[in-house]
Amino acid sequence: PVECGTAPDRKHASHPTKKRVFPQTEPYTCLSGFTLDGNANGVNSFELSCEPDGKYKGDFACQNVKCNAVPVPPNSERTDKEGDLVYLEKADFQCLPGYTLDGFMAGNLKYKRSCQADGTYSKHPGCVNADDCEGHSCSPNGKCVDNDKPTGVHKDDYHCVCDDGFEEKIEDDGTRTCFNIPDCPEGACLPGECHDLVNDYKCDC
């Protein structure tokens with residue numbers, strides 16, 4: 001029988017690499033993440049036949065498995081090209097304003113999701129609300145509460161819950177604090193001086 005020698009390699013496929021003669025065939029198996037049609041459940045094997053002219057015949061190729069539309073994790077947006085991906089490709093994401101990956105104000109904002117060998121995407125929990133109370137306590141006369149739905153503007157994404165007799169005040173730099181509500185009525189204690197207390201006042205006569 002006519003000899004064809006060792007069968008040629010095919011990209012993304014493995015084979016026994018034995019010397020064949022007519023009319024033998026060389027079996028190939030696509031590597032994980034590859035099939036003949038790119039579908040995750042598609043055929044992943046083929047054969048090349050040793051022909052009477054001493055050459056191998058067969059025009060097969062293993063293609064990257066395709067992943068469907070990329071799901072966008074919570075509180076995130078996709079930043080790279082639009083469209084579906086194939087195995088080994090990755091999609092870029094970043095957190096929406098007011099969110100980070102770990103909840104810290106200076107936390108990371110960017111991450112990737114990759115198309116996997118089975119046609120699914122790598123999992124990612126998405127982004128979480130950044131704690132805008134980080135470094136702001138509103139104390140000693142209240143406590144800081146982070147808003148559930150951030151806007152991305154730090155001074156607008158938290159508020160102070162103040163103790164009785166105090167109310168929230170926004171400083172010129174945007175910082176929120178609790179300050180004592182003035183209790184001295186107009187003209188109180190005249191001709192003496194009115195001294196403000198918490199929910200009260202006293203006169204120095």
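**A guided reading of the predicted model**

At 85% relative accessibility, Glu-186 counts as exposed; the classes are buried under 20% relative accessible area, exposed over 50% and partly exposed in between, with a 1.4 Å probe and protein chains only. The C-alpha atoms of Glu-186 and Pro-16 are separated by 98 Å, and these residues stand 170 residues apart along the chain.

The model is predicted, so local features need pLDDT of at least 70 and side-chain atom pairs count only at pLDDT 80 or more, while totals for chains, interfaces and linings use all residues. Residues are numbered from 1 along each chain as its sequence is written, and side-chain values use heavy atoms, with hydrogens and water left out.

The overall form comes next. The protein has 19 strands and 0 helices. Its radius of gyration is 35 Å, well over the 17 Å that the globule rule gives for 205 residues, so the protein is more spread out than a compact globule; the radius is taken over C-alpha atoms, and the rule is 2.2 Å times the number of residues to the power 0.38. Taken along the principal axes, the C-alpha atoms fill a box of roughly 125 × 25 × 25 Å. Of the 205 residues, 31% are buried. Among contacts (heavy atoms within 4.5 Å) with a separation of 6 or more, 38% join residues 24 or more positions apart.

The interior can be followed through its nonpolar cores, each a set of buried Ala, Val, Leu, Ile, Met, Phe, Trp, Tyr and Cys residues joined through side-chain atoms within 4.5 Å. The largest core has 13 residues, and those with the most contacts inside it are Tyr-28, Phe-46, Tyr-56 and Cys-62. Strands β4 (25-30) and β6 (45-50) each supply at least two residues of this core, and the largest share, 3 residues, comes from β6. A second, separate core of 11 residues includes Phe-93, Tyr-99, Cys-115 and Cys-127.

Aromatic residues give a further view. A pair of aromatic rings is described by the distance of the centres and the angle of the planes. Rings of Phe, Tyr and Trp (its six-membered ring) pair if their centres lie within 6.5 Å; planes under 30 degrees apart count as stacked, over 60 as edge-to-face and the rest as tilted. The whole structure holds 4 aromatic pairs. The rings of Phe-46 and Phe-60 are stacked because their centres are 5.2 Å apart and their planes stand at 25 degrees. Phe-46 lies in β6 and Phe-60 in the loop between β7 (56-57) and β8 (63-64), so this pair ties together parts 14 residues apart in sequence. Phe-46 is buried at 6% relative accessibility, whereas Phe-60 is partly exposed at 35%. Ring pairs link Tyr-28, Phe-46 and Phe-60 into a cluster.

Phe-93 and Tyr-111 also form a stacked pair, 5.5 Å centre to centre with 15 degrees between the planes. This pair links distant parts of the chain, 18 residues apart: Phe-93 is in strand β10 (residues 90-95) and Tyr-111 in strand β12 (residues 110-114). Phe-93 is buried at 1% relative accessibility, and Tyr-111 is buried at 8%.

Conventions. Helix = DSSP H or I, 4+ residues; strand = E, 2+ residues; numbered from the N terminus.
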